[in-house]
Amino acid sequence: MTIEQAVLENFRELPADKQQEVLDFIQFLKHQLPAQKRRTPPASIAGKGKTLGDIVSPIVNQEEWENSVKNAQAIFRKYIPTTRKLSEELIQERREESLNE
């Protein structure tokens, strides 16, 4: 028999006033439990979206987003030319790191 079954079996045998005392005691115990910590987003993304029911929508429009992506790609290409793939760049970097170890 589980604890839950034993509690229920014994609870049912109590008069109504004692059942109320048990319920009050359970609520007292629950109140004493430590509060669950709420998860919070990292500061870098906090406030960057708004919740609409179960849907999260960006706070920037599609055109602004596309412009930001293009700007980021342009900055990226300053350091890695289009003739070189990022995967090749990373592989080369790992090879150099392993030689230095």
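**Exercise 1. Is Arg94 buried, partly exposed or exposed, and at what relative accessibility?**

Step 1. Know the model. This is a predicted model: local features need pLDDT of at least 70, side-chain atom pairs count only at pLDDT 80 or more, and totals for chains, interfaces and linings use all residues. Residues are numbered from 1 along each chain as its sequence is written, and side-chain values use heavy atoms, with hydrogens and water left out.

Step 2. Buried means under 20% relative accessible area, exposed means over 50%, and partly exposed lies in between (1.4 Å probe, protein chains only).

Step 3. Arg94 has 46% relative accessibility, so Arg94 counts as partly exposed.

**Exercise 2. Find the salt bridges and say which residues are linked in a network.**

Step 1. Set the rule. A salt bridge is a side-chain nitrogen of Lys or Arg within 4 Å of a carboxyl oxygen of Asp or Glu. Side chains of opposite charge can pair when their charged atoms come close.

Step 2. Count. The whole structure holds three salt bridges.

Step 3. Start with Lys18. Its partner is Glu21, with the closest N and O atoms 3.3 Å apart. Both residues sit in helix H2 (residues 16–32); they are three residues apart, so about one helical turn separates them. Helices here are DSSP runs (H or I, at least four residues), strands are runs of E (at least two), and both are numbered from the N terminus. Lys18 is partly exposed at 37%. Glu21 is partly exposed too, at 46%.

Step 4. Turn to Arg94. Its salt bridge with Glu93 brings the closest N and O atoms to 3.1 Å. Arg94 also meets Glu97, at 3.6 Å from N to O. Arg94 and Glu97 are three residues apart in helix H4 (residues 86–100), about one turn of the helix.

Step 5. Join the pairs. Glu93, Arg94 and Glu97 form a network of salt bridges. Glu93 is partly exposed at 35%, and Glu97 is partly exposed at 39%.

**Exercise 3. Describe the nonpolar patch that includes Val60.**

Step 1. Define a patch. Patches are made of residues with over 30% relative accessible area and no salt bridge; like charges are joined within 9 Å, and nonpolar side chains (Val, Leu, Ile, Met, Phe, Trp, Tyr) within 5 Å.

Step 2. List the members. They are Ile59, Val60, Trp65 and Val69, with about 360 Å² of accessible area together. Accessible areas come from the Shrake-Rupley method with a 1.4 Å probe; for residues, only the protein chains shown count as cover.

Step 3. Locate Val60. It lies in the loop between strand E2 (55–58) and helix H3 (62–79). Its relative accessibility is 34%, so Val60 counts as partly exposed.

**Exercise 4. Work out the overall form of the chain from its elements and dimensions.**

Step 1. Read the elements. The chain has four helices and two strands. From the N terminus, the order is α-α-β-β-α-α.

Step 2. Check the dimensions. The C-alpha atoms fill a box of roughly 85 × 45 × 20 Å along the principal axes. The radius of gyration is 30 Å, while a compact globule of 101 residues would have one near 13 Å. This radius is taken over C-alpha atoms, and the globule rule is 2.2 Å times the number of residues to the power 0.38.

Step 3. Check burial. Of the 101 residues, 2% count as buried.

Step 4. Take one distance. Thr82 and Ile26 are 56 residues apart in sequence and 66 Å apart in space, C-alpha to C-alpha. Thr82 lies in the loop between H3 and H4.
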